Amino acid sequence: MPFLGIAGIFNYAMSNNCKDSLYQKAIDAYWNHVNRYHTWMNYYALFNGALFVGFCTLLTATTTIKVNSVSQWNLENNYTFLQLTVCIIGLVSSFAWLASICGHEKWEENWMNLIESFEVVPLYRLIISGQNDFSLKKDYNDHECYDGLNKYGKVLEKGDKFKAYSTHTITKIFIWSIIIGWFSCIAFIVGCIKNCCCACCCILISLFLLILLYFCVRNKMYSNVEGKILKIKE
């Protein structure tokens, strides 16, 4: 076979009826990536949970008993450094969790684009649903917003919303809440060392940031369907 280059090899494969095989391999690779995504998400969730249990154990541990009076005893420990260490590790693992889900999302999008590039009939691009399940910039029956694939339905544009919440976005919000939670734990420990009022203020600020985060992203929680093809269910 003469030297064809990447584009030539691709065209040669297509001309030798390899398209179906490559299409199936792309689907298999996509689902393998999805399975790996679930595995890593479970690892990070379990790791953060174990760290939080460790933090609570250190927080409630007792190494010293101080008797202030006959009826008042104080249970204390000297694990402050270990508590801060666990919180910092939890913070790092949470940011790693967030970065991991962002990376997986991009690779998942790449594999989906690859699958769609092999399709003759837009199976993975096609969405069949009721009109009330969408918020469209243009009316569905407006034929000016159709392109060459109009026999299958309306090609969705940027800004068109499918009212299905994105699991990636929801998971990111959850991870950000964990990050803010670890910051709150650090603030609590530092505040207890210096001033309990400082700790309470830091926790309230963290809660405010969490609420602000929700309102900033709530309009972006729907799945991204740009480039997908909508066919209204009759």
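I counted the elements to start: the protein has five helices and eight strands. Helices (H or I, at least four residues) and strands (E, at least two) are DSSP runs, numbered from the N terminus. I then read along the sequence and noted the pattern α-α-β-β-α-β-β-β-β-α-α-β-β.

The model is predicted, with pLDDT of at least 70 needed for local features and 80 or more for side-chain atom pairs, while totals for chains, interfaces and linings use all residues. Residues are numbered from 1 along each chain as its sequence is written, and side-chain values use heavy atoms, without hydrogens and water.

I looked up burial next. Of the 234 residues in the protein, 32% are buried. Buried means under 20% relative accessible area, exposed over 50%, and partly exposed in between (1.4 Å probe, protein chains only).

I checked contacts (heavy atoms within 4.5 Å). Among those with a separation of 6 or more, 74% join residues 24 or more positions apart.

I turned to Trp176. Tryptophan 176 sits in helix α4, residues 167–194. Its relative accessible area is 34%, so tryptophan 176 is partly exposed.

I searched for disulfides, meaning pairs of cysteine sulfur atoms within 2.5 Å. The count by this rule is zero. Cysteine 56 is in none; the nearest cysteine sulfur belongs to cysteine 185, 7.2 Å away. I noted cysteine 56 as partly exposed, because its relative accessible area is 29%. Cysteine 102 has 30% relative accessibility, so cysteine 102 also counts as partly exposed.
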